[in-house]
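Hi there,

Here's the structure I said I'd pass on. Have a look at it first, and then read my notes below.

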Amino acid sequence: MAEKMIKPRSGLKGFIKKEAIFLIFIAIMIAFPFVLNIITGTGLNAGITKFWQGQLITFFIMAVFAMSYDLLIGYGGILSFGHAASFGGGAYAVALLLKHWAPNILSNYRITIGNLDITEATVLLVVFLVVILVSVLIGLLFSATSIRLKGAYFAMLTLALGSAIHILSKATDFHKWTGADEGLHGVPLPVWLNPTQNRLTVYFIALGFLLLCYLVMNRMVNSPTGRVIVANRENEERMRMIGYNPVIYRTIAFLSASIFAGLAGALYAIWNMSATPTMTSTVTTINALIMTILGGMGTLVGPIIGAGIMQIIGQFFYTWFGARWPLVFGVLFVLIVMFLPYGIIGTWRLRKSSIKNNIQKFFRLFSKEK
Amino acid sequence: MSNEIILEAVNLSKVFGGLVAVDDVSIKIQKQTMHAIIGPNGAGKTTLFNLLSGVMPPTNGSVIYKGNDITRVSPQKRAHLGIGRSYQITNIFPNLTVLENIRLAAQAMGKDNFKLFQLADNFHQYINKSEEVIDMIGLSGRELFMARDLPHGEKRKLELGIMLACDPELLLFDEPTAGMSSEQVPELIKIINKVVHQKDRTAILVEHRMDMVMSISDVVTVMNQGRILAEGSPHEIATNKQVQSAYLGDLYGELT
């Protein structure tokens, strides 16, 4: 009986069935630049095809950032207003290393295996290891505050910590390295990774990154540890009483969310070839929050949809309404929150059967008239 | 019934501001007994419970479990030592399914809590254990219901199930029948009786319902105003003059 109901569909077939919508989305995204190229005929690395690739790259990266926020707020129930610190931290780590450290290494040293020159690859690997290290440190910093504080006090402290890191990123004291208010621009990149010269490569890297992060996070939230993190959201006292230490699980949630956010930030810095103080600001956190709420908290797919709406609809709104587009978007956001209180995906999952019934009823209405 | 002491409170006190909720209470719980703690509202029963389960630290005194001082041991560690607790106010994971509520408790006692990249549903031992518990508490067929959607009586059962899935040796029941209608109570008593005696467990029971306490417990402790008033077998308590005048006299006079 119940055992049959809850038996997970194992193997590839079960996975494809369960993640069908996501896999279709990935397939569409893979085909997108080529199809758009055929339609417009501008060439893959020019004109409107290139422009929409750029829009989608931003969307993919922001989707990962929003998903990492969902991990924290939707699954862990941890409302942190400083999540952009990890995102910006990753971005600054990449930009600083690539601008001030990598050129030095690349011009003075050569690392080879046989005839293969792997200097560039090694440098990039080191850069990404540093990104992970920075994210872990920022994650630890934030989770340390959550040991004693709860609710609004905790949220306020994360806001303060996030702002501190934001101020640090635009401090004039470090103008020489970080560029203070203006940020770091013109980060040197290898040709194959340069978004202006090889946008399609960056497009597929970002898409692959989104796919990988989704799969890993999806696995994590359904793992024994992930389930305990959800239990922490639901009822901390009870969780204690059945033998879990909430601090440990909150730290795990913070660290994993921070690592994903840091990697997203790193990729964002590569895509923009810059790191700016905006990336560490609360505005960035609020954007992720809006994306997560739009799509549905605690769903993982929701934040992807939310990021898509923000990016794609935002672009159309910009062309239709000009600089006033956030005003229109705000109205749309209020409407969505009013009528879909659990976000698009959240409300759909909750009311799936009744929505389907209503649609059937609606169609039956027409068939009767005939 | 053996004479071994499983849990002992020594001169336990808890002061909230100026209010002495628990005042120098010493109590010994014998292994494999059903020990009831009764008393009027505000007698300090739940506070005593919170001290025993580690939710709050005592102002004074100590708690001894199986010969070890556990006064400063955190609730999560006490759970691993074999102390389980249910709550007077329903304390479940509302937005998770019944099965997941219990599965989490079963998982807590295993060694798989830090497997981040494996699917929780593939650990069949916990699911099987949960099925067993769900059968025992009489919630079969409700596995995939959201805990928040259950009627109150079933939430109370789920509350017990979460505690049972940890397989504790010592069970602390904080008013298990709170808010239940009198028709639902006998079934719950039956379940409690079954789970306590099935594995030679020990239980401490805080209760309001006199009839329930008298029928199932071996030892009864009466508390009043933070102190222990009397202790003895249900019969002794029912005939104790002091208890009658302090507590039973007004409410349960007909019992004597």
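Between chain A and chain B, 22 residue pairs are in polar contact, with both residues at pLDDT 80 or more. A polar contact here is a pair of N or O atoms within 3.5 Å; within protein, one must be able to donate a hydrogen and the other to accept it, and residues adjacent in sequence count only if both atoms are side-chain atoms.

On chain A's side, the elements giving two or more residues are α1 (2–6), α9 (199–221), α10 (224–234), α11 (236–241) and α12 (246–272). Helices are DSSP runs (H or I, at least four residues), numbered from the N terminus. The top contributor is α10(A), with seven residues.

Before going on: this is a predicted model, where local features need pLDDT of at least 70 and side-chain atom pairs count only at pLDDT 80 or more, while totals for chains, interfaces and linings use all residues. Residues are numbered from 1 along each chain as its sequence is written, chains are lettered from A and ligands numbered from 1 in the order in which they are written, and side-chain values use heavy atoms, leaving out hydrogens and water.

Overall, 33 residues from chain A and 45 residues from chain B make the contact (heavy atoms within 4.5 Å). There are also three salt bridges across the interface (a side-chain nitrogen of Lys or Arg within 4 Å of a carboxyl oxygen of Asp or Glu). Asp121(B) and Arg227(A) form a salt bridge, at 3.3 Å, N to O.

Elsewhere, Gln55(A) sits in helix α4 (residues 47–75) of chain A and touches Gln311(A) and Gln315(A), leaving aside residues up to four places away in sequence.

Cheers!
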